[in-house]
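Dear colleague,

Please find below the structure I promised to hand over, followed by my notes on what was found in it.

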Amino acid sequence: MLVLILGLAIFLGVHSIRIVADGWRSAMIARIGEKGWKAGYAVASIVGFVLIASGYGIAREGAALLWVSPVGVRHLTGMLTAVAFVLIAASYVPANRIKTLVGHPMLAGVMVWAVAHLLMNGTVHAVVLFGAFFVWALVDFVVSRTRDRRDGVRYPAGKLSGDAVTIVAGLVVWAVFALFLHGPLIGVRPFG
């Protein structure tokens with residue numbers, strides 16, 4: 001569990017710098033340049049992600065069970081993760097109304113993804129992993145929306161065509177991941 005927690009601290013810590021130390025972040029970018037900042041950010045993120053994946057795998061071996069989800073929760077989890085993938089797609093597809101409405105769809109998508117996985121996984125290490133991501137995304141979402149209001153940020157109005165591309169792209173990536181990649185990469189086949 002220690003490796004998982006260390007990975008979460010590094011990964012989410014790096015992703016929280018703008019939340020807790022935006023001035024320091026700006027000063028560092030001015031000092032080492034945007035490319036240097038992004039390189040350090042990427043290296044730390046990769047190290048954190050590798051530790052999370054390794055730590056989660058190690059923690060699975062001695063998993064302590066807190067609850068067992070009812071069978072029907074699998075379907076709810078599938079639907080919620082589909083919504084999460086659409087929200088995440090909305091952060092990349094230009095001119096969609098989902099981004100206009102939500103403001104920070106990546107963070108909203110991470111929250112939905114985390115809740116979906118918390119519903120399905122009742123082990124201590126799953127609660128640590130998905131709970132940490134949920135709390136981080138919630139805090140970042142609130143801080144980001146507050147910063148948007150303070151700075152007068154307005155997201156451009158989207159179009160129906162942008163919505164359609166967002167929904168189709170999100171659902172296609174979700175289906176490919178859920179049906180073909182989740183099993184080999186994560187070790188769990190969500191749909192049998």
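The buried residues of helix H4 are Val73, Thr77, Gly78, Thr81, Ala82, Ala84, Val86, Leu87, Ala89 and Ala90, where buried means under 20% relative accessible area, exposed over 50% and partly exposed in between, with a 1.4 Å probe and protein chains only. These buried residues pack against helix H5 (97-102), H6 and helix H8 (160-186), a contact being heavy atoms within 4.5 Å. Helices here are DSSP runs (H or I, at least four residues), numbered from the N terminus. The 18 residues of H4 (residues 73-90) should span 26 Å at 1.5 Å a residue, and the end C-alpha atoms are 26 Å apart, which agrees; the expected span is 1.5 Å times one less than the number of residues.

Please keep in mind that this is a predicted model, in which local features need pLDDT of at least 70 and side-chain atom pairs count only at pLDDT 80 or more, while totals for chains, interfaces and linings use all residues. Residues are numbered from 1 along each chain as its sequence is written, and side-chain values use heavy atoms, with hydrogens and water left out.

Turning to the aromatic residues, the structure holds nine aromatic pairs, counted where the ring centres of Phe, Tyr and Trp (its six-membered ring) lie within 6.5 Å, with planes under 30 degrees apart taken as stacked, over 60 as edge-to-face and the rest as tilted. One of them joins Trp113 and Phe130 edge-to-face, at 5.2 Å centre to centre and 75° between the planes, and it links distant parts of the chain, since Trp113 is in helix H6 (residues 105-120) and Phe130 in helix H7 (residues 124-151), 17 residues apart. Trp113 counts as partly exposed at 24% relative accessibility, whereas Phe130, at 5%, counts as buried. Trp113 also pairs edge-to-face with Phe133, at 5.6 Å and 85°; Phe133 lies in helix H7 and Trp113 in helix H6, so this pair ties together parts that are 20 residues apart in sequence. Phe133 is buried, at 11% relative accessibility.

A single aromatic cluster is formed by Phe11, Phe49, Tyr56, Trp113, Phe130 and Phe133. Within it, Phe11 lies in helix H1 (residues 2-14) and counts as buried at 15% relative accessibility. Leaving aside neighbours within four places in sequence, Phe11 is in contact with Ser45, Gly48, Phe49, Ile52 and Phe133.

As for charged side chains, a search of the whole structure finds six salt bridges, each being a side-chain nitrogen of Lys or Arg within 4 Å of a carboxyl oxygen of Asp or Glu. Asp22 forms one with Arg18, the closest N and O atoms being 3.4 Å apart, and Arg18, Asp22 and Arg25 are linked in a network of salt bridges. Asp22 is partly exposed, with a relative accessible area of 26%, and Arg18 is partly exposed at 38%. Glu34 and Lys38 meet in a salt bridge at 3.0 Å, N to O, and both lie in helix H3 (residues 22-61), four residues apart, about one turn of the helix. In helix H7, Arg145 and Asp148 lie three residues apart, about one turn of the helix, and their side chains meet in a salt bridge at 3.7 Å, N to O. Of these two, Arg145 is partly exposed, with a relative accessible area of 22%, whereas Asp148 is buried, at 8%.

How values were computed:
Helices (H or I, at least four residues) and strands (E, at least two) are DSSP runs, numbered from the N terminus.
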